[in-house]
Amino acid sequence: MQYICCTCSSSPILFFVYAVEKYVMALSDIYLCLPWAMLFFAFMTVLGSVSYRLIESPFLRYRKRYVVENERNVLTVSYLKAA
């Protein structure tokens, strides 16, 4: 049986850090970690953008607009009617 510290078993993020440290690369080397961090930051930015376009943006079309622009380009607040 393998030993995993109690903090790693209670948090998935700490467990991931522990697994990367043990099986992939040493996280103490900043010159090795920084390019990987920049690569994954770019990957997560692209993934977030795709997620926004394909999942969130279709639902945002159905939202109620609280601030509307009229024909004189003046922003007005539209009040909700009580049910």
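What share of the 83 residues in the protein is buried? In this predicted model, buried residues make up 5% of the 83, where buried means under 20% relative accessible area with a 1.4 Å probe and protein chains only. Residues are numbered from 1 along each chain as its sequence is written. Local features need pLDDT of at least 70 and side-chain atom pairs count only at pLDDT 80 or more, while totals for chains, interfaces and linings use all residues, and side-chain values use heavy atoms, without hydrogens or water.

The secondary structure comprises 3 helices and 2 strands, taken as DSSP runs (helices H or I, at least four residues; strands E, at least two) numbered from the N terminus. From that end, the order is α-α-α-β-β. Confidence is expressed as pLDDT, the predictor's score for each residue from 0 to 100. The mean pLDDT is 76, with 65% of residues at 70 or more. Helix α1 (residues 6–10) has the lowest confidence, a mean of 55, whereas α3 has the highest, at 92.

Contacts (heavy atoms within 4.5 Å) between residues at least 6 apart in sequence include 0% that join residues at least 24 apart. The accessible surface, from the Shrake-Rupley method with a 1.4 Å probe, comes to about 8,000 Å², and carbon and sulfur atoms hold 69% of that area.

A pocket here is an open set of points on a 1 Å grid, where a 1.4 Å probe fits, with protein on both sides within 12 Å along at least five of seven lines; lining residues have an atom within 4 Å of a point. The lining consists of F16, V17, V20, V24, M25, L27, C33, W36, A37 and F40. Helices α2 (12–23) and α3 (30–60) each give two or more residues to this lining, and α3 provides the largest share, 4 residues.

Note on methods. Buried < 20%, exposed > 50% of the residue type's maximum accessible area, 1.4 Å probe, protein only.
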